[in-house]
Amino acid sequence: MRVSKIGVRIGDLAGLDPDALRFCFQALTKETDLESVVLVIERKPRRQRCSRCAHEFVVVNYETSCPECGEGLTAFLSGDELDLAYLEMEDV
Amino acid sequence: MTQIPLERKVLNENGRIADELRARFAEHGILCLNLVSSPGAGKTSLLERTLEAFAPTRRVAVLTGDIQTDNDAVRLARFGFPALQITTGGTCHLDARMIEKAIARWNLTDLDVLLIENVGNLVCPSSYDLGEAAKIVVLSVTEGEDKPLKYPAMFFRSELLILNKIDLLPYLPFRIALARENAQKVHPGMEIIEVSCLTGEGLPAWQAWLESKVASSAKTMAAT
C-alpha cells in the first residue's frame with residue numbers, strides 16, 4: 001500500500017492560500033517517495049445565518065448582510081476550516 | 001484503492017495546548033487577552049496606557065512577542081508588573097507552545113490578568129489560538145479603512161476592534177465610518193472602541209470593556 005492522494009479542506013477564512021500550499025507541497029515531495037501523491041484541496045466558502053429570518057447563505061465579496069431580508073447582523077456558520085480530510089491508499 | 005478519513009485540524013497540536021492553557025487560566029480565574037495588529041498600530045502604546053492606569057497592587061502580567069529585540073518588554077516593565085519578551089527569532093506569530101513555555105516561570109495563582117501582545121502581523125496570528133479569552137485587534141487610522149476587508153480572518157476572529165490614533169483624524173483622509181462599516185461586514189456585531197493612546201481620548205471605554213471581562217473571568221472561577 002502507498003499513499004496516492006491527500007485531501008485537505010481550506011475555508012475562505014482560514015488565512016491560507018491554496019496556491020502557496022500546493023507550491024510547498026510540491027517543493028517538499030519533489031524527488032521523494034511521495035512525489036506522485038496528489039494533493040486535493042477542497043475550498044469551503046464562508047457561510048452565515050441571518051439573525052432575523054434564519055436564511056443561510058454563502059458570503060460573496062465580503063457581504064455578510066442577509067441577501068433575503070437585508071439584516072446586517074448575521075452569525076458565522078462555517079468557512080474557517082483548515083483540515084486534513086482524508087488519505088487515499090492504493091496497492092502497489 | 002482505500003480512502004482513510006482523517007478529519008484532523010492541521011493546527012490540532014497547537015489547539016490542544018491552547019485548550020490546556022485555557023483550562024489553566026479558567027482554573028485560576030485569569031483573564032487572558034491576545035492583542036493583534038499590523039506593526040506600528042499601537043499595541044505596545046495601548047498596553048502602556050493600560051498598565052499605567054492600574055493600581056500597583058493589580059495582579060497583571062504581560063507577554064510581548066517580537067521577531068527580534070526586547071524593546072517592548074523594556075517599555076512595559078517600567079510599570080512594575082511582570083513583563084516578559086518572547087523573541088521568536090523569525091517566526092511571524094506566537095503559538096501556544098511559546099506561551100506555555102513563557103508562563104512556566106510565573107505562579108498563576110498570583111495573576112488575574114495576562115495580556116499578550118502578539119507579533120505585529122495581520123495574517124498568521126489569526127490562525128494560532130493562544131488559549132486567550134478573546135483576541136483584540138488594534139487598527140490605527142494611519143492605515144486604510146479597508147484593512148478589515150483585506151485581512152478578514154483577523155477581524156473575524158477578534159472580539160473587539162480598537163481604532164487607535166484618532167487624534168490624527170483631522171489631518172488624514174481616513175473615513176472612520178467606512179472603517180467601522182468594513183469591520184461590521186467581516187464581523188457582524190463586532191465591538192468597536194475609538195481611542196488615542198497619545199491624548200487618552202476613548203481610553204475609559206477600553207478600560208471599562210477590560211474591567212467587565214476581568215469581572216466575568218473572576219465570576220466564572222467563583223462558579224466552578
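In the predicted model, chain B contains eight helices and eight strands. The radius of gyration of chain B is 18 Å, close to the 17 Å that the globule rule gives for 224 residues, so chain B is as compact as a globular protein of that length. Along the principal axes, the C-alpha trace of chain B spans about 60 × 55 × 40 Å.

Chain A is built from one helix and six strands. The order of its elements from the N terminus is β-α-β-β-β-β-β. The radius of gyration of chain A is 18 Å, whereas a compact globule of 92 residues would have a value near 12 Å. The C-alpha atoms of chain A occupy a box of roughly 55 × 25 × 15 Å along the principal axes.

On the side of chain B, the most area is lost by B:Phe156, B:Lys185 and B:Pro188. Together these residues contribute 23% of what that side buries. The contact involves 23 residues from chain B and 24 residues from chain A.

Polar interactions also cross the interface. Between chain B and chain A, 13 residue pairs are in polar contact, with both residues at pLDDT 80 or more. Three elements of chain B each give two or more residues to the side that touches chain A. These are strand E1 (2-9), helix H6 (152-157) and helix H7 (176-186). The largest share comes from E1(B), with eight residues. By class, this side of chain B has 13 nonpolar, five polar and five charged residues.

Strand pairing links the two chains. E1(B) pairs with strand E6 (residues 82-90) of chain A. The pairing is antiparallel and runs over six bridges. Within this arrangement, A:Leu87 stands opposite B:Ile4 of E1(B).

Three salt bridges are found across the interface of chain B and chain A. In one salt bridge, the side chain of A:Asp83 meets that of B:Lys9, with an N to O distance of 3.7 Å. The whole structure holds 29 salt bridges over all chains. A:Asp83 also forms a salt bridge with A:Arg9, at 3.4 Å from N to O. A:Arg9 lies in strand E1 (residues 2-11) of chain A and A:Asp83 in strand E6 of chain A, so this pair ties together parts that are 74 residues apart in sequence.

Key: Residues are numbered from 1 along each chain as its sequence is written. Chains are lettered from A and ligands numbered from 1 in the order in which they are written. This is a predicted model: local features need pLDDT of at least 70, side-chain atom pairs count only at pLDDT 80 or more; totals for chains, interfaces and linings use all residues. Side-chain values use heavy atoms; hydrogens and water are left out. Contact means heavy atoms within 4.5 Å. Buried area is the accessible area (1.4 Å probe) that two parts lose on being put together, summed over both. A salt bridge is a side-chain nitrogen of Lys or Arg within 4 Å of a carboxyl oxygen of Asp or Glu. A polar contact is a pair of N or O atoms within 3.5 Å; within protein, one must be able to donate a hydrogen and the other to accept it, and residues adjacent in sequence count only if both atoms are side-chain atoms. Helices (H or I, at least four residues) and strands (E, at least two) are DSSP runs, numbered from the N terminus. Ala, Val, Leu, Ile, Met, Phe, Trp, Tyr, Cys and Pro count as nonpolar, Asp, Glu, Lys and Arg as charged, and the others, Gly among them, as polar. Two strands pair if DSSP finds at least two bridges between them. The radius of gyration is taken over C-alpha atoms; the globule rule is 2.2 Å times the number of residues to the power 0.38.
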